[in-house]
Amino acid sequence: MTRSSLDPATLLEVPASAQAAEALQRRWAGQVLASDDLGPVTTVAGVDVAYHESSGELVAAAVLLDAPSLTVLEEVTLRDHARFPYVPGLFSFRECPPVARAVQGLSRRPDLIVCDGHGVAHPRRFGLACHLGLALNIPTIGCGKTRLTGEDTVPGLPRGEWTPLLDGPEVLGAALRTQSGVRPVYVSVGHRVSLPTALAWVLRLSPRYRLPETTRAADRLVRRALAEVSHA
């Protein structure tokens, strides 16, 4: 198992400023492994965060699925408050610490995590999927609903078609058509997974809908948990 030279606790600390956070992203991006370093995948986790509109409280969720059947095996939620301001491009400093704790609350360590967000398809090549993957040293994929950075051409209409997401000659990820004729998702490396493997897994996890079952399950869970917070 590949290990980063970074202290995992350092990755979950709150930076003093946005400028400090950007500097950390640039430095930590060099620790991301964009090649396959994962064993057999029997379980896969989805993660998500939702925010209470008035209180500032957040709910983080981790859902563990059986990889072959996509059956939900376990769910974990936790409540917290955002400890870093809302700054575009720096969301992972708000979301990674509670999400990491939610994943650590699962009784089994996932073989793979799919984030509802980006990995290296990020202005500083260090989105939530990279941050979480490094912090937990678990193979991680970013699967965003919208493009954050880079340019792409529209993939063909059939399921499985994809086009590269580019910043000049640099490949940041891919626009992937998970369902025929449906808007693509944006897939990128998080940590310890190559882009071809990331694309294959997102497609495998999306048998019927645009978004992977990991993302759908985590979204349902945070919505339920947030509703309970609202009525508490």
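In which hand, left or right, does H3 cross H4? The crossing is right-handed, a term used when the near helix is turned clockwise from the far one by less than a right angle, anticlockwise being left-handed.

Before going on, a word on the source. This is a predicted model, where local features need pLDDT of at least 70, side-chain atom pairs count only at pLDDT 80 or more, and totals for chains, interfaces and linings use all residues. Residues are numbered from 1 along each chain as its sequence is written, and side-chain values use heavy atoms, with hydrogens and water left out.

Back to our pair. H3 and H4, residues 128-136, pack at about 45°, with axes 10 Å apart.

Who touches whom, with contact meaning heavy atoms within 4.5 Å? From H3, the residues include Phe 93, Cys 96 and Val 99, and from H4 they include Leu 132 and Leu 136. The residues of this contact split into nine nonpolar, three polar and one charged.

H3 (92-104) also turns up in the largest pocket, where H3 and strand S1 (43-51) each supply at least two lining residues. S1 gives the largest share, five residues. The space there is about 600 Å³. Among the residues closest to its centre are Phe 91, Glu 95 and His 118. By class, the lining has 10 nonpolar, nine polar and six charged residues.

Key. 1 Å grid on protein atoms, 1.4 Å probe; cavity = no way out; pocket = protein on both sides within 12 Å on 5 of 7 lines; lining within 4 Å. Points joined across faces, edges and corners; volume = space filled by probe spheres on them. Helix = DSSP H or I, 4+ residues; strand = E, 2+ residues; numbered from the N terminus. Nonpolar A, V, L, I, M, F, W, Y, C, P; charged D, E, K, R; others polar. Axes fitted to C-alpha atoms, helices over the stretch in contact; angles between N-to-C directions. Contact = heavy atoms within 4.5 Å.
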